[in-house]
Amino acid sequence: MKIVCINMAKRNLTDTVPKNQGIISESAKWTDRELEAAVDAYFVMLEKELRGEPYNKAKVNRQLRSSVLSQRSKGAIEYRMQNISDVLQKLCHPFIQGYMPRQNVGTNLSERIKKLIFSKKLVNERDYAATADETEMEKRVQSLLTKGVVGKPQGRCQPKKQQSSQTVFERDPLVKAWVLQNAKGICELCGKAGPFIDKSGRYFLEVHHVVFLTDGGSDVLENTAALCPNYHRKCHFSPDADAVRQELHDKVERIK
């Protein structure tokens, strides 16, 4: 079995909305101060939404236009909020439902928004960094599970090797967190709950790579499954491991 990862062609996009949309001209790129004001306002609204508290988007928009974003139109601000949602969606982070992601945001602007979000500690950048350290991996996974994983992470087609006394691979905590969250404590092979409740209050499961990383497997959703310890060991050490692998293919739709 071979997992094929396809790289999307790079798009030549600007940081701004095309002129024919009547929101903002290409030459009027947002300053760092303007972006920071938009990001700050966005996360105030997002936190209220996640807590189930009411807020008024139109009022926030007016407040922004009466201060830092006085040179921006209502539509331009709404569009920028949707760009912020797009950045959060790519991080599998909850975003404001009233600002659905607008994907045609240039790479440069997307990185500027992400850098602002990380630098202001609105989202923990460390949680998204691949690591080969199992202890650190668990810390990052638990942090991601606490806030919730929204959408499906892309993962890494070719995990980076690290050499020590044995070969280890850097793994994406977002992929592991999504697999565990999606399983809801139920082994994806035996269909039973994990054998015990762990310190985080969840049924304990382990994440298995169907094609082992040592055999060139990818650290992506289509090559991972949440298993109870017994079935995880069975996948590695049972004489009928090939049959177990086929069973995973049959039971878990995303595995390819």
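## Salt bridges

A network of salt bridges joins Arg126, Asp127, Glu136 and Arg140. The structure is a predicted model, and the count of salt bridges in it comes to 15.

One of these pairs is aspartate 40 with lysine 120, whose side chains meet at 3.2 Å, N to O. Aspartate 40 lies in helix H1 (residues 32-51), while lysine 120 lies in the loop between helix H4 (107-119) and H5, so the pair, 80 residues apart, links distant parts of the chain. Aspartate 40 is partly exposed, at 30% relative accessibility, and lysine 120 is partly exposed as well, at 29%. Arginine 51 forms another salt bridge, with glutamate 53, and the closest N and O atoms are 2.9 Å apart. Glutamate 53 has a relative accessibility of 35%, which counts as partly exposed.

## A link between helices H5 and H6

The side chains of glutamate 138 and lysine 176 form a salt bridge of 2.2 Å, N to O. Glutamate 138 belongs to helix H5 and lysine 176 to helix H6, and this pair of distant parts of the chain is 38 residues apart. Glutamate 138 is partly exposed at 31% relative accessibility. Lysine 176 is buried because its relative accessible area, 9%, is under 20%.

## The second largest pocket

The second largest pocket holds about 830 Å³ of space. Its lining has 33 residues, and Glu134, Arg171, Lys176, Val207 and His232 lie nearest the centre. Elements giving two or more residues to this lining are helix H5 (134-147), strand S2 (167-169), helix H6 (173-183), strand S3 (206-209) and helix H7 (229-237).

By residue type, the lining of this pocket has 11 nonpolar, 12 polar and 10 charged residues.

Technical notes: Residues are numbered from 1 along each chain as its sequence is written. This is a predicted model: local features need pLDDT of at least 70, side-chain atom pairs count only at pLDDT 80 or more; totals for chains, interfaces and linings use all residues. Side-chain values use heavy atoms; hydrogens and water are left out. On a 1 Å grid over the protein atoms alone, a cavity is a set of points where a 1.4 Å probe fits but cannot get out, and a pocket is an open set with protein on both sides within 12 Å along at least five of seven lines; lining residues have an atom within 4 Å of a point. Grid points are joined across faces, edges and corners, and a volume is the space filled by probe spheres set on the points. Helices (H or I, at least four residues) and strands (E, at least two) are DSSP runs, numbered from the N terminus. Ala, Val, Leu, Ile, Met, Phe, Trp, Tyr, Cys and Pro count as nonpolar, Asp, Glu, Lys and Arg as charged, and the others, Gly among them, as polar. A salt bridge is a side-chain nitrogen of Lys or Arg within 4 Å of a carboxyl oxygen of Asp or Glu. Buried means under 20% relative accessible area, exposed over 50%, partly exposed in between (1.4 Å probe, protein chains only).
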